[in-house]
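User: I have a structure open and want to learn how to read it. Can you take me through it step by step?

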Amino acid sequence: MSEEHGTLVKTPKQLIVVCLIALVVPVAIALLGAQLLSGSKHIDRSEPKTQVEQRIKPVGELVKYDGAPPPAPAAVVAVALVAKSGEEVYNGACVACHGAGIAGAPKTGDKALWAPRIAKGINVLYEHAIKGFNAMPAKGGQVALSDDEVKAGVDYQVAKAK
Ligand code: HEC
């Protein structure tokens, strides 16, 4: 009886088994290796959920408020929505008319035109700027401005007329 080259694979069935092992073993090793690498080194599953949320939270949050800014922690994220300065309000909503004195608007920086208006008292000017006054539209037509922002715009113009 002659052993054919002494090979272990003698039947088609054995061949299939060997092929399967050759396929499965490397995959298993690869999976195990991946598990070892990612599982133990990169993801710390014991990390508290809140810490993870803290780390992946969006950079900004919308915080809208009227009047005084909210207390310290919220103020940090509120920066993006902080009220516009008087100059920003003026340049965005008022300069169109007041810059050149269009349609009877008192020209910014014209002391003679502003003196009688300033004499009415700042609160009257605030009210007229917020609610409108003759050809002066409420909030200069920009209803999205807060009252405080419009007041800052008034302050800006009043300061320029002094
Ligand atoms: C569409 C043009 C227009 C825009 C925009 C505009 N104004 Fe006026 N504003 C006027 C006119 C016209 C008057 C004069 C009204 C009058 O005296 O009859 C006026 C008057 C004023 C007065 C004087 C009110 C008074 O009682 O004498 C203030 C203060 C004022 N505007 C503030 C502002 C501010 C602040 C803005 C921007 C947020 C602004 N205006 C945007 C047209 C405009």
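Analyst: We will go through the pocket, the ligand and the salt bridges in turn. Keep in mind that this is a predicted model.

User: How is empty space found?

Analyst: Rolling a probe the size of a water molecule over the atoms shows where empty space is left. In this model, the largest pocket holds about 520 Å³ of space.

User: How many residues line the largest pocket, and which lie nearest its centre?

Analyst: The lining has 29 residues. Nearest the centre are H98, A105, P106, F133 and M136.

User: Which helix gives the most to that lining?

Analyst: α4 does, with six residues. Helices α4, α5, α6 and α7 each supply at least two residues of the lining.

User: What classes of residue make up the lining of the largest pocket?

Analyst: Sort them by class. The lining has 19 nonpolar, seven polar and three charged residues.

User: Where does the ligand sit?

Analyst: Compare its place with the pocket. The space taken by the ligand is the largest pocket.

User: Which residues come nearest the ligand?

Analyst: Look at the shell of residues around it. There are 25 residues around the ligand, and C94, C97, H98, H128 and M136 come nearest. By class, the shell divides into 15 nonpolar, seven polar and three charged residues. At least two shell residues come from each of α4 (86–98), α5 (111–118), α6 (122–131) and α7 (147–160).

User: Which side chains have an N or O atom at 2.7 Å or 2.8 Å from a ligand atom?

Analyst: Take them one at a time. In H98, a side-chain N or O atom is 2.8 Å from a nitrogen atom of the ligand. In R117, a side-chain N or O atom is 2.7 Å from an oxygen atom of the ligand. In N134, a side-chain N or O atom is 2.8 Å from an oxygen atom of the ligand. H98 is also among the residues nearest the pocket centre.

User: How many salt bridges are there?

Analyst: The count comes to two. One of them joins K131 and E127. Their closest N and O atoms are 4.0 Å apart.

User: How far apart are K131 and E127 along helix α6?

Analyst: Count along the helix. K131 and E127 are four residues apart in α6, so about one helical turn separates them.

How values were computed
Residues are numbered from 1 along each chain as its sequence is written. This is a predicted model: local features need pLDDT of at least 70, side-chain atom pairs count only at pLDDT 80 or more; totals for chains, interfaces and linings use all residues. Side-chain values use heavy atoms; hydrogens and water are left out. A residue is near a molecule or strand if one of its heavy atoms lies within 4 Å of it. A polar contact is a pair of N or O atoms within 3.5 Å; within protein, one must be able to donate a hydrogen and the other to accept it, and residues adjacent in sequence count only if both atoms are side-chain atoms. On a 1 Å grid over the protein atoms alone, a cavity is a set of points where a 1.4 Å probe fits but cannot get out, and a pocket is an open set with protein on both sides within 12 Å along at least five of seven lines; lining residues have an atom within 4 Å of a point. A molecule sits in a cavity or pocket if more than half of its atoms lie within 2 Å of its grid points. Ala, Val, Leu, Ile, Met, Phe, Trp, Tyr, Cys and Pro count as nonpolar, Asp, Glu, Lys and Arg as charged, and the others, Gly among them, as polar. Grid points are joined across faces, edges and corners, and a volume is the space filled by probe spheres set on the points. A salt bridge is a side-chain nitrogen of Lys or Arg within 4 Å of a carboxyl oxygen of Asp or Glu.
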